[in-house]
Amino acid sequence: MNDTFLKACRGEKTDYTPIWIMRQAGRYLPQYHTVRSKGTFLDLCKNPERAAEVTIQPIDYLGVDAAILFSDILVPLEKMGAPLDFYEKRGPVFANPIRDKAAVDKLVIPDPEIDLVYVMDTIRLLRKELAGRVPLIGFSGAPFTLATYLIEGGSSKNYFETKKMMYTAPELYKALLDKITDCTITYLQAQAAAGAQALQIFDSWAGVLAPDDFAEFALPYVQRIIKAIKPCGVPIIYFANNGATLLDLSKTSGADVLGLDWRVNIGDAIARLGQDVSVQGNLDPIALLLPADKLEKRVQAIVDAGKQARGHVFNLGHGILPETPPEKAKLVVELVHRLSGKA
Ligand code: CP3
């Protein structure tokens, strides 16, 4: 197996810098649209054959060093009892936002092998179809990020309702986050048992919190998850988006790898983090549009800085955008491999 990605996560020496791309299976790829046009986004998530097919598309086309399960961070919330829809322009919508004790009390902890068996079946199918070509990453959302969707009822600009609950009803907030945390622990444990070889926790909106609030209202739940899933024995990646001011705190998450968004200089981040943790990142997704010579310089700078880390997995600083020409994604993979000395 190409285990370069797993080695970099664990801080072992690698022959070159491995790369995968957040949202690598998705709308920038014409071949994704072909499969996606057969039904809704949620239909696709719930169909193991098709979900596996789109997971493998970027492995074939881009030549990345890891596959990431095709699913969404929000699917377990649906099975906690919060009906979920995805709309073309608006994104995800929870029609019944969770804002009071009655609503929190009603949420249940799903059994992953029953309620989310389609995810586990996709993982099992992928391990068979990948046949050791590259490792498979499973994932979840972090409790704070998941809670924002449940409390706001969808995407948000100011996170008013979430912060209002944090500040004015901290016990209710804690009860909700504890439930999401319990759900996430069993969900990630089940993914590892089904065959996921690394687990990434996406904290997409952590960056909207002041450091003290991150320490009180987000980080403890991430720490609890990581402690509980560590015995699964697979590398754990924690990605706190827009988290440059939260790096020292994130280091205490217990993760093997910290994801870096593009707003932080990767060399500075490595100097701050030291040698106990590997890093993942961190090219601005829109920098893929740079002319080839300028893109090469940026990639070289990140690859070189990454050599100072315990381990470095190249990635974008957030998900690749649907408007990106697919050949630019392919180019960045070739550049990372060539510039880091892949034979
Ligand atoms: O990375 C991958 O290739 C694996 C698949 C994956 C998706 N979503 C597929 C998806 C992963 C890992 C996610 C995680 C996810 N989902 C996050 C965390 C990562 C991040 O971007 O910060 C978040 C916040 C979500 C929630 C979500 N899902 C939103 C806000 C939206 C709508 C807006 C958008 O970006 O499209 C989605 C939909 C979604 N998730 C799509 C895909 C391919 C588009 C659905 C479509 O085909 O119409």
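Predicted model: local features only at pLDDT ≥ 70, side-chain atom pairs only at ≥ 80, totals over all residues.
Seven strands form an open sheet in the order β1-β4-β5-β6-β7-β8-β9, and their pairing is parallel. The edge strands of this sheet are β1 (67-68) and β9 (312-316), each of which pairs on one side only.

**Strand β5 and its partners**

- Strand β4, which covers residues 136-141, pairs with strand β5, which covers residues 198-203, in the parallel sense over five bridges, and Ile137 has Ala198 in β5 as its bridge partner.
- Strand β5 also pairs in the parallel sense with strand β6 (residues 236-240), again over five bridges, and here the bridge partner of Asp203 is Ala240 in β6.
- In a regular strand, the side chains alternate between the two faces of the sheet.
- Both faces of β5 are covered, with Ala198, Gln200 and Phe202 buried on one side and Leu199, Ile201 and Asp203 buried on the other.
- Because six of the six residues of β5 are buried, this strand is largely enclosed by the rest of the structure.

**Helices α4 and α8**

- Two packed helices are described by the angle between their axes and by the distance between the axes.
- The axes of helix α4 (residues 48-62) and helix α8 (residues 117-130) come within 9 Å and cross at roughly 45°, and α4 and α8 are therefore oblique to each other.
- The crossing in which α4 passes α8 is right-handed.
- On the α4 side the contact is made by Pro48, Glu49, Ala51, Ala52, Thr55, Ile56 and Ile59, which meet Tyr118, Asp121, Thr122, Leu125, Leu126, Glu129 and Leu130 in α8.
- Sorted by class, this contact of α4 with α8 has nine nonpolar, two polar and three charged residues.

**Helices α16 and α17**

- The axes of helix α16 (residues 292-306) and helix α17 (residues 326-339) come within 10 Å and cross at roughly 50°, which makes α16 oblique to α17.
- Helix α16 passes α17 in a right-handed crossing.
- From α16, the residues Ala292, Leu295, Glu296, Val299, Gln300 and Val303 meet Leu331, Val332, Leu335, Val336, Arg338 and Leu339 in α17.
- Sorted by class, the contact of α16 with α17 has nine nonpolar residues, one polar residue and two charged residues.

Conventions:
Residues numbered from 1 in each chain as written. Heavy atoms only, no water. Axes fitted to C-alpha atoms, helices over the stretch in contact; angles between N-to-C directions. Helix = DSSP H or I, 4+ residues; strand = E, 2+ residues; numbered from the N terminus. Parallel < 35°, antiparallel > 145°, perpendicular 65-115°, else oblique. Left-handed = near helix turned anticlockwise from the far one by under 90°. Contact = heavy atoms within 4.5 Å. Nonpolar A, V, L, I, M, F, W, Y, C, P; charged D, E, K, R; others polar. Pairing = 2+ DSSP bridges. Buried < 20%, exposed > 50% of the residue type's maximum accessible area, 1.4 Å probe, protein only.
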